[in-house]
Amino acid sequence: MLHFLGQLYGPFFDLHNWETVISSGNDWLIIFSLVLIECLLSVDNAVVLAAQTQSLPTRKEQEKSLFYGIWGAYLFRFIIIGLGTYLINFWEIKVVGALYLVFLVFQYFTKTRVKHTRKLVKDKKKRWLPLFWSVVLQIEMMDIIFSVDSVLASLAISNNPVIVLIGGLIGILAMRGVAEVIMKLMRRIPELEPMAYILIGIIAIKLFVSIPAIDIEIPATLFGFVVLGAIVVTLIIHVIRKRRRARATAEKTVKHPTKSES
């Protein structure tokens with residue numbers, strides 16, 4: 001049992017592995033990709049958490065519940081990544097994981113994921129704990145549910161648990177700390193959300209083609225450049241659409257001037 005646990009979590013305590021990751025520019029490019037995906041995938045998580053904390057009477061209790069929640073999220077992320085790095089070595093898990101990621105993409109583009117998220121917020125079961133601890137428990141449960149998506153996507157990009165852990169921890173902190181900023185940014189640039197799910201689709205392909213029957217390994221660094229390219233393309237599309245809307249509005253104003261102008 002101890003040997004098995006050592007296999008799962010030993011790499012987290014390998015100082016040489018940490019030193020290699022921290023000093024590698026390529027690894028930081030991968031970490032940036034993981035943080036970006038974590039933030040974009042976790043916006044709905046932030047909405048759910050905000051809704052849950054609103055049931056607490058004071059701001060102090062709301063902030064305290066999120067403080068406990070974030071440490072719980074770190075602990076569960078550590079446990080899930082350790083298990084994931086072991087399970088991801090089985091090709092059957094890779095196939096199931098790829099299909100699950102495709103399912104997430106399907107859910108997003110058919111809008112069923114939004115409905116499911118709202119249902120999670122509305123479903124309130126009878127509490128067996130004081131209100132504060134009930135909210136903390138709900139936060140932890142949501143973290144576990146939403147972290148499955150993020151960890152699976154991350155492990156499909158990189159099989160180094162230290163890289164996945166750093167990306168996940170920074171992503172959680174960024175999502176909790178700047179959730180409102182991320183949501184505002186995604187409202188201003190709505191193309192970011194579909195871009196994230198298109199990337200998830202690419203990750204699903206990357207995971208599927210790595211099974212022994214196909215055995216095509218797409219380097220994680222290459223995927224990092226794909227992410228950067230996707231961001232650039234998304235911003236270009238956003239600017240083009242914005243200019244088209246402005247031009248259409250201007251033409252409409254010229255064709256149908258207001259009474260004051262006429």
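Student: Is Glu191 buried or exposed?

Tutor: Keep in mind that this is a predicted model. Glu191 counts as buried, because its relative accessibility is 8% and the cut-off for buried is under 20%.

Student: Which residue does the Glu191 side chain meet in a salt bridge?

Tutor: Start with the general idea: side chains of opposite charge can pair when their charged atoms come close. Here, Glu191 pairs with Arg241, at 3.5 Å from N to O. The two sit in distant parts of the chain, 50 residues apart: Glu191 is in the loop between α10 (179-188) and α11 (192-209), while Arg241 is in helix α12 (residues 220-255).

Student: How many salt bridges are there?

Tutor: The count is one.

Student: What else joins the side chain of Glu191?

Tutor: Look at His238, which also has its place in helix α12. A polar contact of 3.0 Å joins the His238 and Glu191 side chains. His238 counts as buried, at 11% relative accessibility. Leaving aside residues up to four places away in sequence, His238 touches Arg188, Ile189, Pro190 and Glu191.

Student: Let's move to helices. How do I read one, say α6, and which of its residues are buried?

Tutor: An α-helix has 3.6 residues a turn, so residues three or four places apart point the same way. With that in mind, find the buried residues of α6: Lys94, Val95, Gly97, Ala98, Leu101, Leu104, Val105, Gln107 and Tyr108.

Student: How far apart are the end C-alpha atoms of α6?

Tutor: They are 27 Å apart. Helix α6 (residues 91-109) has 19 residues, and at 1.5 Å a residue these should span 27 Å, so the two values agree.

Student: What follows α6?

Tutor: Lys111 comes after α6, and its phi is positive, near 70°.

Student: Now zoom out. How many helices and strands are in the protein chain?

Tutor: You'll find 12 helices and zero strands.

Student: Which contacts join residues at least 24 apart?

Tutor: Take the contacts between residues at least 6 apart in sequence: 85% of them join residues at least 24 apart.

Terms used. Residues are numbered from 1 along each chain as its sequence is written. This is a predicted model: local features need pLDDT of at least 70, side-chain atom pairs count only at pLDDT 80 or more; totals for chains, interfaces and linings use all residues. Side-chain values use heavy atoms; hydrogens and water are left out. A salt bridge is a side-chain nitrogen of Lys or Arg within 4 Å of a carboxyl oxygen of Asp or Glu. Helices (H or I, at least four residues) and strands (E, at least two) are DSSP runs, numbered from the N terminus. Buried means under 20% relative accessible area, exposed over 50%, partly exposed in between (1.4 Å probe, protein chains only). The expected span of a helix is 1.5 Å times one less than its number of residues. A polar contact is a pair of N or O atoms within 3.5 Å; within protein, one must be able to donate a hydrogen and the other to accept it, and residues adjacent in sequence count only if both atoms are side-chain atoms. Contact means heavy atoms within 4.5 Å.
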